[in-house]
Amino acid sequence: AVSIDRLMGATTLFITDVAGNRVARLTSVGGKATWDGRRPDGRLAAAGIYIVWMTASNGDSEAVGKLLVTD
């Protein structure tokens, strides 16, 4: 599992592959979001680079990051 912390209260995160296909949608709880590494169909995500798009629920803050998944 991958944990992303130090987020604002209720932050929405979208994880996409480099082609822009959505792999996961998460909402932080207590400033932390955890991704189990699974795609929406339940399969494990393939090794590679993923983009994490983050938006605070109040719209005041946005961020983009990269995530590397290895075998």
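Trp 53 touches Thr 12, Leu 13, Phe 14, Thr 16, Ala 63 and Val 64, leaving out residues up to four places away in sequence; contact here means heavy atoms within 4.5 Å. Keep in mind that this is a predicted model, where local features need pLDDT of at least 70, side-chain atom pairs count only at pLDDT 80 or more, and totals for chains, interfaces and linings use all residues. Residues are numbered from 1 along each chain as its sequence is written, and side-chain values use heavy atoms, with hydrogens and water left out.

**Around Trp 53**

- Trp 53 belongs to strand E5, residues 48-56; helices (H or I, at least four residues) and strands (E, at least two) are DSSP runs numbered from the N terminus.
- At 41% relative accessibility, Trp 53 counts as partly exposed; buried means under 20% relative accessible area, exposed over 50%, and partly exposed is in between (1.4 Å probe, protein chains only).
- Thr 12 is one of the contacts of Trp 53, and the two are 41 residues apart in sequence but 8.2 Å apart in space, C-alpha to C-alpha.
- The side chains of Trp 53 and Thr 16 are joined by a polar contact of 3.2 Å. That term covers a pair of N or O atoms within 3.5 Å; within protein, one must be able to donate a hydrogen and the other to accept it, and residues adjacent in sequence count only if both atoms are side-chain atoms.

**The two threonines in strand E2**

- Thr 16 sits in strand E2 and is buried, at 9% relative accessible area.
- Setting aside neighbours within four places in sequence, Thr 16 is in contact with Asn 21, Arg 22, Val 23, Tyr 50, Ile 51 and Trp 53.
- Thr 12 is found in strand E2 too, and its relative accessible area of 18% makes Thr 12 buried.
- Beyond four places in sequence, Thr 12 touches Arg 25, Leu 26, Thr 27, Trp 53, Met 54 and Thr 55.

- Ala 56 lies in strand E5 and is buried, with a relative accessible area of 7%.
- Ala 56 and Thr 34 are 22 residues apart along the chain, and their C-alpha atoms are separated by 16 Å.
- Ala 46 is in the loop between strand E4 (33-35) and E5, and counts as partly exposed at 48% relative accessibility.
- From Ala 46 to Asp 17, 29 residues apart along the chain, the C-alpha separation is 9.6 Å.

**Surface and charge**

- Val 18, Ile 49 and Leu 68 make a nonpolar surface patch of about 330 Å². Patches are built from residues with over 30% relative accessible area and no salt bridge, joining like charges within 9 Å and nonpolar side chains (Val, Leu, Ile, Met, Phe, Trp, Tyr) within 5 Å.
- Val 18 sits in the loop between strand E2 (11-17) and strand E3 (22-27), and is exposed at 66% relative accessible area.
- The structure holds one salt bridge, and it joins the side chains of Arg 43 and Asp 41 at 2.7 Å, N to O. The cut-off is a side-chain nitrogen of Lys or Arg within 4 Å of a carboxyl oxygen of Asp or Glu.
- Side chains of opposite charge can pair when their charged atoms come close.

**A backbone angle to look at**

- Arg 6 has a phi near 65°, a positive value in a residue other than glycine.
- Most residues other than glycine have a negative phi.
- Arg 6 is in the loop between strand E1 (2-4) and E2, and is exposed with a relative accessible area of 82%.

**The whole chain**

- There are zero helices and six strands, so to speak of order, the elements run β-β-β-β-β-β from the N terminus on.- With 71 residues, a compact globule would have a radius of gyration near 11 Å, and the chain agrees at 12 Å; the radius is taken over C-alpha atoms, and the globule rule is 2.2 Å times the number of residues to the power 0.38.
- Along the principal axes, the C-alpha atoms fill a box of roughly 35 × 20 × 20 Å.
- Of the 71 residues, 34% count as buried.
- Among contacts between residues at least 6 apart in sequence, 40% join residues at least 24 apart.
- The accessible surface of the chain comes to about 4700 Å², with 51% of it belonging to carbon and sulfur atoms; areas come from the Shrake-Rupley method with a 1.4 Å probe, and for residues only the protein chains shown count as cover.
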